[in-house]
Amino acid sequence: MTTIRDTTAPPVQGEFRQQGNRSTGGKLLAILGVSALVLTAVNLTASISLYRAASEVRGVEKRLEELAAFEKRIVERLDLVNTGMQNRVHELNRDFDMRLGLVNEAMADFDRGLSRLRSEIGLGAALLQPDLPVETVVPLSEPAAEEEPSVIAADPPRPRRKSAPKPVSPAYQRIELPDGKVTYRKVQ
């Protein structure tokens with residue numbers, strides 16, 4: 001806009017136009033600047049707290065990885081010990097079964113020897129069969145009426161022994177319960 005200045009013109013009396021927009025614009029700029037500073041401070045605080053939380057999460061993940069490796073080492077050692085113990089128990093079972101078989105053979109030899117001895121002595125055919133009860137045997141050499149007859153009791157029947165249990169696979173663990181039951185659990 002062009003202004004014409006006339007020095008001879010009478011001065012204008014009345015209201016002058018004041019420029020109030022500048023003071024309102026300055027206030028607006030001050031408010032925007034303060035809010036930007038506050039927002040920057042809030043963002044800075046949030047980023048610092050997020051950085052701390054992220055570093056804590058990384059630390060926890062590292063500890064969990066170490067814990068998983070530690071657990072794996074313990075499981076491997078327990079499996080090694082468990083396998084060793086199971087092998088030792090199976091070895092002892094086989095040794096026990098072998099010795100039990102030897103005892104059974106010795107008992108069978110003893111029974112055969114006893115039967116042979118009875119037949120050599122001449123106690124009769126009834127004693128050769130231990131399943132038949134023999135209560136009295138009268139000696140053949142002297143018939144004595146007043147003496148008590150000799151009493152020879154037959155051997156009580158022996159329970160038949162079961163064959164030795166088959167060894168269990170090392171992949172299974174044998175558990176004997178207090179009530180006498182035996183269960184097997186798969187080893188993992």
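Tutor: We'll go from the overall layout to confidence, then strands, salt bridges and a surface patch.

Student: Is this experimental or predicted, and what confidence does the chain average?

Tutor: It is a predicted model. The average pLDDT of the chain is 77. A score of at least 70 is reached by 68% of the residues.

Student: Where is the pLDDT below 50?

Tutor: Residues 134-138 are one such stretch. Beyond near neighbours in sequence, that stretch has ten contacts in the model. Residues 143-151 also fall below 50. There, four contacts turn up beyond near neighbours in sequence.

Student: OK, layout. What pattern does the chain follow along the sequence?

Tutor: The order is α-β-β-β-β. That is one helix and four strands. Helix α1 covers residues 21-121.

Student: How much of the chain is buried?

Tutor: Of 188 residues, 3% count as buried. The cut-off for that is under 20% relative accessible area. The chain exposes about 17700 Å². Carbon and sulfur atoms supply 60% of that area.

Student: And what share of the contacts join residues at least 24 apart?

Tutor: The share is 35%, counted among contacts between residues at least 6 apart in sequence.

Student: Switching to strands. Do β3 and β4 run parallel or antiparallel?

Tutor: Antiparallel, with five bridges joining them. Strand β3 is residues 172-176 and β4 is residues 182-186. The two form a hairpin with five residues between them.

Student: Which residue in the turn has a positive phi?

Tutor: G180, at about 100°.

Student: What is the bridge partner of E176 in β4?

Tutor: V182 is the partner. E176 also has a salt bridge, to R174. The closest N and O atoms of that pair are 3.7 Å apart.

Student: Are those two buried or exposed?

Tutor: E176 is exposed, with a relative accessible area of 56%. R174 is partly exposed at 43%.

Student: Why can side chains like that pair at all?

Tutor: Opposite charges can pair when the charged atoms come close.

Student: How many salt bridges are there in the whole structure?

Tutor: Four. Among them is E91 with R88, at 3.0 Å from N to O.

Student: How are E91 and R88 placed in the helix?

Tutor: They sit three residues apart in α1, so about one helical turn separates them. E91 is partly exposed, at 42% relative accessibility. R88 is also partly exposed, with a value of 44%.

Student: What about R99 and D95?

Tutor: Their side chains meet in a salt bridge too, at 3.5 Å from N to O. These two are four residues apart in α1, so the separation is again about one helical turn. R99 counts as exposed, at 53%. D95 is partly exposed, at 29%.

Student: New topic. Which residues make the nonpolar surface patch?

Tutor: V60, L64, L67, F70, I74 and L78 make it. The patch is about 560 Å².

Student: Where is L67, and how accessible is it?

Tutor: L67 is found in helix α1. Its relative accessibility is 48%, so L67 counts as partly exposed.

Methods:
Residues are numbered from 1 along each chain as its sequence is written. This is a predicted model: local features need pLDDT of at least 70, side-chain atom pairs count only at pLDDT 80 or more; totals for chains, interfaces and linings use all residues. Side-chain values use heavy atoms; hydrogens and water are left out. Buried means under 20% relative accessible area, exposed over 50%, partly exposed in between (1.4 Å probe, protein chains only). Contact means heavy atoms within 4.5 Å. Accessible areas come from the Shrake-Rupley method with a 1.4 Å probe; for residues, only the protein chains shown count as cover. pLDDT is the predictor's confidence in each residue, from 0 to 100. Two strands pair if DSSP finds at least two bridges between them. Patches are made of residues with over 30% relative accessible area and no salt bridge: like charges are joined within 9 Å, nonpolar side chains (Val, Leu, Ile, Met, Phe, Trp, Tyr) within 5 Å.
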